[in-house]
Structure formats: structure tokens, C-alpha cells
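Visitor: Could you walk me through how such features are read, with each cut-off stated as we go?

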Amino acid sequence: NAYKVRSFQVAIAAILEHDKPIKSGQEAIKLRGIGLGIANRIDFFLQGKEYGLEHQAKQRLLAIETFEKIPGIGQRTATNLVNEGAVSVSDLNLPKYAALLKPTQKVGVLYGEHITKPFPVQKPRKLQCSFIRDHISCNFEVHLTGAYRRESTELPEVTILLHHHLQIHVPTPSPPSPSTTATTTKVHAKVRTRGKQHVPFLQVNTSAAQRRASPLLQDVIRPLEAAGLLAAPLAPAGPRKWRGVALLPLRAHSAWQEVGDRMRDLRAGRGKYIRLNLSLAPLKSRGAAQIILTGDEEFVRIARLAAARLGMHLDEYGLWRWHTSEEAALESQTSTSTPTPTSSPSSPSTSSLSSGSGFGLPSSSSTTDTTAPTGYWELVEGESEDRILDELELGPIAPHRRNFRFLTSKKRASARAGTFDFSLAILTGKETEDDFFPKVGRPSPMREGESGADG
């Protein structure tokens with residue numbers, strides 16, 4: 001705007017020609033060529049405040065970013081709240097804005113002050129894990145995972161992996177799409193490299209009967225609710241996944257706080273709260289579950305891309321290889337020994353492998369789709385982290401080194417694009433390590449037989 005530029009030039013010249021310092025907009029407006037608008041700008045400048053539409057846009061973006069940090073609130077909901085006039089987290093407790101939130105989002109608002117701040121020490125994680133061990137059946141194994149195994153100094157949530165000795169069924173992936181098997185027998189499974197990522201062990205559209213049969217919901221969640229540990233869920237619970245807010249339990253002289261006191265603290269909102277992530281995995285999936293839950297988002301993305309590069313599929317249940325019906329028939333013809341139950345796609349055990357998903361949950365392969373490829377998934381490895389990483393040609397990567405967010409922006413971008421140089425992930429020398437891993441806090445490599453999980 002040429003006229004506005006001219007007005008500023010006239011105002012600047014008037015101030016420069018004035019023989020005394022200008023201390024307020026009221027003084028400036030007395031000068032020739034300075035009007036009310038420029039005088040107001042001078043006042044804002046002298047008071048250290050921002051002015052105009054640019055300031056309003058910054059305040060709007062800041063409010064949206066603040067709301068997006070609340071668990072369960074995404075960009076769309078945050079934008080809608082700002083459009084309605086909300087500017088701070090405290091505003092979201094007003095009926096006008098609370099009506100725009102889902103129940104799980106209201107939980108995020110209620111405990112947002114606690115669960116959006118990472119705690120700097122590992123003691124709360126230890127307390128949470130010890131409390132769970134003391135209040136559920138001894139038939140469960142309880143392992144701290146996530147950033148605890150990465151030896152992170154800060155973490156906004158506690159991630160716990162559970163195993164049960166009766167939980168042995170390993171759900172298989174859905175059959176690959178016809179397009180991936182039309183030209184090659186190797187399945188390069190699609191890997192989501194941008195946007196919303198897959199949530200491990202999350203199952204949707206489960207029935208009430210399936211939830212009643214879930215050891216996690218019946219033998220873990222219910223006792224912990226009765227013990228006054230769990231405050232509220234942040235997402236609908238599933239047979240193998242619970243995400244929510246938990247009270248940080250208090251312990252004095254080797255004794256836990258009385259359950260009645262914890263219940264009163266929950267009702268009054270007293271105490272400290274943290275995000276809690278509980279996952280139940282089959283014993284045969286121990287290694288795969290630890291890899292998926294321990295590594296940060298970038299590490300998991302790279303590991304899954306490495307599997308796809310080798311024609312395999314990696315998920316929280318194991319490392320898989322797809323065999324077409326033609327391959328199975330060829331194997332049965334060339335084999336001189338008695339075929340194993342899993343070598344024939346028509347055998348009952350193979351059918352259960354390709355369609356079962358645990359707790360009686362239907363798989364996409366159970367639908368009658370004539371275009372779906374026929375074949376079966378082979379579980380290459382699920383129990384051992386080291387063997388899975390060897391199969392992926394990534395080499396031994398100890399849990400405390402699975403922080404691939406330290407990669408340079410160029411390497412991270414190439415990983416998302418699927419063109420990551422996987423040879424960098426094999427630790428062959430000092431130069432590769434210095435280039436690939438963070439240069440601070442470099443502990444010695446994991447020794448053979450060392451699990452890294454909290455016993």
C-alpha cells in the first residue's frame with residue numbers, strides 16, 4: 001500500500017526532526033504528519049506489545065498449537081474451538097466450549113496440566129510398574145518399555161507391556177492387496193510414512209463378548225480401577241490396548257497408600273497424574289512387541305521399511321513373509337517329507353493362521369472376497385528382538401540406541417520417502433556410529449542375552 005508507506009515515511013521524518021525523545025503516543029500525535037493509528041502503534045511498540053492483524057494471527061496459531069497438545073484434540077477440533085472464541089485451556093471448561101468436545105477429549109482437558117508435561121525422572125515409571133505388579137495376578141509378566149528402555153531423561157507417559165502364560169495365539173496380518181501380488185511373489189507391504197501412524201495392539205469394532213474374554217480388560221484394568229490407580233481412559237479400550245490417565249501412587253515405608261485415600265484423591269483431583277499405556281502381547285510376539293513399543297516413531301518407520309524392502313511385513317506381533325498358493329503347491333510337490341500343517345494353504349491350521357486375529361476377532365481375510373490373494377503368512381520370527389533385527393539386516397541395535405529422531409533432516413526425509421540407506425543402520429565402525437546415532441550419552445553395546453526390559 002503506497003499510501004501507508006508514505007504515511008510511515010512522513011511519521012519517521014517528523015520523529016527524527018523532533019528535538020526531544022518521544023515517550024508515548026500522546027506526545028507523537030502532537031507532531032505534524034502523525035495520526036491516531038500511528039500514535040497507537042507507537043504506544044504498542046514502547047510497551048513491548050505487538051499490534052495489528054499479524055499479532056492476531058500469531059495469537060490464533062498459538063491457541064491452536066496449545067489445544068493440539070491436549071491428548072485427543074487434533075487440528076480440526078482445535079481450529080473449531082479457536083473459531084468459537086476459545087483462547088486458553090481454562091476456557092475449555094466453560095459449557096460453550098465443553099459442548100464441542102468428546103468425552104475422551106474432556107478427560108484430556110481435565111488432566112492436561114499433568115499429562116502434557118514430561119516428568120524428568122524414572123522413579124514414577126518404576127512406581128507405576130511396581131504398583132501394577134502388586135495388584136494384578138502373578139500370571140502376568142509386566143515390563144516397562146517405551147522411552148524407559150531408550151534411557152530417555154523425560155517422558156510424558158509410562159508404556160507397559162504385559163504377557164500372560166495362556167495368551168499364546170498370534171494374530172496374523174490381513175492378506176496383501178491383489179495389486180501387490182499380481183506381478184511378484186514377494187510382498188512389499190505398504191508402510192505409512194506420513195500422517196497418522198498405526199497404534200500397536202489397537203483393535204476396533206470389538207464385541208462385548210470379545211471384551212469380556214480379554215485378560216487385559218478383565219484381569220488387569222478392572223483390578224487397577226478397583227485399586228484406585230486408573231483415573232479415566234483417553235481412548236476406547238480394546239482387548240489388547242488401554243490408554244488413559246493414571247494417578248501416580250504414593251508409597252511410604254514399603255507400603256502403598258490406602259485404597260480409600262487414592263479413591264478420594266481421584267474424586268477430588270488431588271495428586272499427580274501421568275499418561276499410562278498398557279498393551280497385552282502373546283508370548284510368541286515378545287520380541288516384536290518390544291521392538292515396536294521401544295523404538296521411537298522414526299526407528300519403527302525405518303524397521304518396517306527395511307522389512308518391506310526384503311519382501312516382508314513387520315508389526316507388533318512378528319516379522320511375516322507371505323506365501324502364495326502357487327508357492328505352497330510347488331513346495332508340496334518338491335518336498336519328500338510329510339508336509340507340515342502350515343505348509344499347505346488348505347490345511348485347517350493354515351486357515352487359522354491367515355484368518356485368526358485373537359479373542360475371536362474377525363480378520364479382513366475372513367470375508368468372502370474373490371479378488372483377495374490366496375496363500376498364507378509365515379511367522380519368520382516373533383520372540384527374539386536380536387533375530388528380528390538380523391532378519392531385517394539392521395544388525396544389533398541396543399534399546400538405548402533406538403532414537404532415530406536424532407537423524408539429520410535429510411536422512412529422516414529419505415526414510416519417509418522409502419529411500420533410506422539401510423547400510424547405515426549396520427554398526428560396522430566408529431564413523432557409521434557417529435554419523436547415525438547421537439553423540440551424547442553413548443553407552444556400550446548390549447551384551448548377548450541382555451533383554452533391556454525391567455524384570
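Visitor: Are phenylalanine 201 and tyrosine 317 buried or exposed?

Guide: Buried means under 20% relative accessible area, exposed over 50% and partly exposed in between, with a 1.4 Å probe and protein chains only; by that scale both phenylalanine 201 and tyrosine 317 are buried. This is a predicted model, in which local features need pLDDT of at least 70 and side-chain atom pairs count only at pLDDT 80 or more, while totals for chains, interfaces and linings use all residues. Residues are numbered from 1 along each chain as its sequence is written, and side-chain values use heavy atoms, with hydrogens and water left out.

Visitor: How many aromatic pairs does the structure hold?

Guide: Rings of Phe, Tyr and Trp (its six-membered ring) pair if their centres lie within 6.5 Å, and planes under 30 degrees apart count as stacked, over 60 as edge-to-face and the rest as tilted. The structure holds 4 such aromatic pairs. One of them joins phenylalanine 131 and tryptophan 256, whose ring centres are 5.0 Å apart with planes at 80°, so the pair is edge-to-face. That pair links distant parts of the chain, 125 residues apart, with phenylalanine 131 in helix α9 (residues 123-135) and tryptophan 256 in strand β6 (residues 255-256); helices (H or I, at least four residues) and strands (E, at least two) are DSSP runs, numbered from the N terminus. Phenylalanine 131 is buried at a relative accessible area of 0%, and tryptophan 256, at 16%, also counts as buried.

Visitor: What sits over the ring of tryptophan 256?

Guide: A charge sits over a ring if NZ of Lys or CZ of Arg is within 6 Å of the ring centre and within 35 degrees of the ring normal. Here the charged end of arginine 251 sits over the ring of tryptophan 256, 4.5 Å from its centre.

Visitor: Which strands pair with β4?

Guide: Two strands pair if DSSP finds at least two bridges between them. Strand β3 (residues 230-233) runs antiparallel to β4 and is joined to it by 3 bridges, with proline 233 having glycine 244 as its bridge partner. β4 also pairs with strand β7 (residues 273-280) in the antiparallel sense, over 7 bridges, and there alanine 246 has isoleucine 274 as its bridge partner.

Visitor: How many residues of β4 are buried?

Guide: In a regular strand the side chains alternate between the two faces of the sheet. Strand β4 (residues 241-247) is mostly covered, since 6 of its 7 residues are buried.
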